[in-house]
Amino acid sequence: MEAAGIIDCVKPTRTDFKGYEGKYVATDTRTGQVVIADEDLKVVLEKARQLDHVVVGGRVPYADEPIYVGLG
Amino acid sequence: MAEPKTPWLYPYREDPQQTRLGQPVFRPFVPVSLAIEGASTPELEGLVDTGADAILTSDLLADELGLDLADNEGEELHAVGGRTVIARYKTVSLRLHHHGDPSIRCEWEAPVGFVDGWHSFGLVLLGNVGFLDQFTVTASRFSQAVAVEDRNSLDDRFGVVMA
């Protein structure tokens, strides 16, 4: 087992969110890669409709934004 | 409602929030979409939340569904994340999508609370009424995965729990 709690047999889906701060993003469910990013959620939703294996996540916060425990 | 006959498995997914000592945060997200009267959203990250009583989502999605939230089924004030938010409820269809084949899905209706100005990661919060009363959900941080299966599965595994 690794220090972060990632076990060998099952790995969570990782995503590199760097560079997408402040934008809404959609990711590929198979790879975790960001495939759509825009400051307007409507644009992301519209583009996501046209792609398979894509899920709309939400807005990526800036590093200095306060993090809410629940809804943010 | 079409229920998963075998457990549908989803790996934990990374959340862009960095809340635990600089370590990546992994959460039990499952892909869901909302639908009503011919309109639907694309697949959305749904956060399984056993501590939440209801299904909550962003009011930004109401426009996508053509919903008039002024014509709602009730409003509730919720305390979440150290603040209060107002949720306006409407009954819509929810779809849970299979991880490997998104065209395979199960669909049911549930009241959803639309929260003003909610735009954080995980656009749908999947709580007890409307989600956890529809399925047996097993989440394991150790296994880094969440399993969604027939709602009778827990009783089948452990017997009916008497109060």
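Where in chain B does B:P7 lie? B:P7 is found in the segment before β1 of chain B, where helices (H or I, at least four residues) and strands (E, at least two) are DSSP runs numbered from the N terminus.

The structure is a predicted model, in which local features need pLDDT of at least 70 and side-chain atom pairs count only at pLDDT 80 or more, while totals for chains, interfaces and linings use all residues. Residues are numbered from 1 along each chain as its sequence is written, and chains are lettered from A and ligands numbered from 1 in the order in which they are written.

**Chain B overall**

The secondary structure of chain B amounts to three helices and 13 strands. Along the principal axes, its C-alpha atoms fill a box of roughly 45 × 40 × 40 Å. For 163 residues, a compact globule would have a radius of gyration near 15 Å, and the 16 Å of chain B agrees with this; the radius is taken over C-alpha atoms, and the globule rule is 2.2 Å times the number of residues to the power 0.38. Of the 163 residues of chain B, 40% count as buried. A residue is buried if 20 or more other C-beta atoms lie within 10 Å of its own, exposed if 12 or fewer, and partly exposed in between, with C-beta atoms placed from the backbone. Among contacts in chain B between residues at least 6 apart in sequence, 61% join residues at least 24 apart; a contact requires C-beta atoms, placed from the backbone, to lie within 7 Å.

**Two residues of chain B**

B:P7 has 17 C-beta neighbours inside 10 Å and therefore counts as partly exposed. Leaving aside neighbours within four places in sequence, B:P7 is in contact with B:A147, B:V148 and B:E149. The C-alpha atoms of B:P7 and B:S153 are separated by 9.4 Å, although these residues are 146 residues apart along the chain.

B:E64 belongs to helix α1 of chain B. With 19 C-beta neighbours inside 10 Å, B:E64 also counts as partly exposed. Not counting residues up to four places away in sequence, B:E64 touches A:L45 and B:T41. B:E64 and B:P42 are 22 residues apart in sequence, and their C-alpha atoms are 9.7 Å apart in space.

**Strand pairing**

Strands of a sheet pair through backbone hydrogen bonds, either parallel or antiparallel. Here, two strands pair if DSSP finds at least two bridges between them. The table lists pairings from both chains.

| Strand | Partner | Sense | Bridges |
|---|---|---|---|
| β1(A), residues 24-28 | β3(A) | antiparallel | five bridges |
| β1(B) | β13(B), residues 145-150 | antiparallel | four bridges |
| β7(B), residues 55-58 | β10(B), residues 105-115 | parallel | four bridges |
| β7(B) | β11(B), residues 124-126 | antiparallel | three bridges |

An open sheet of three strands in chain B has the order β1-β13-β12, with antiparallel pairing. In this sheet, β1 (8-11) and β12 (135-140) of chain B stand at the edges with a single partner strand each, so one side of each is left without a neighbour in the sheet. Neighbouring strands of this sheet are turned by 15° against each other on average, direction ignored; the axes are lines fitted to C-alpha atoms, for helices over the stretch in contact, and angles run from 0 to 180 degrees between N-to-C directions. B:Y10 stands opposite B:V146 in β13(B).

Strand β7(B) has partners in β10(B) and in β11(B). B:I55 has B:V112 as its bridge partner in β10(B), and B:T57 has B:V124 as its bridge partner in β11(B).

**Chain A**

Six of the six residues of strand β3 (residues 54-59) of chain A are buried, so this strand is largely enclosed by the rest of the structure. Within β3(A), A:V54 stands opposite A:D28.

In helix α1 (residues 41-49) of chain A, the residues A:L41, A:V44, A:L45 and A:A48 are buried. They cover an arc of only 100° around the axis, which puts them on the same side of α1(A); the arc is that of the directions from the helix axis to the C-beta atoms. The cover over the buried residues of α1(A) includes β1, β2 (34-38) and β3 of chain A together with α1 of chain B.

**The contact between the chains**

The contact takes 38 residues from chain B and 33 residues from chain A. On the side of chain B that touches chain A, the elements giving two or more residues are β2 (13-20), β3 (23-27), β6 (44-48) and α1 (60-65) of chain B. β2(B) gives the most to this side, with five residues. By class, this side of chain B has 20 nonpolar, twelve polar and six charged residues. Ala, Val, Leu, Ile, Met, Phe, Trp, Tyr, Cys and Pro count as nonpolar, Asp, Glu, Lys and Arg as charged, and the others, Gly among them, as polar.
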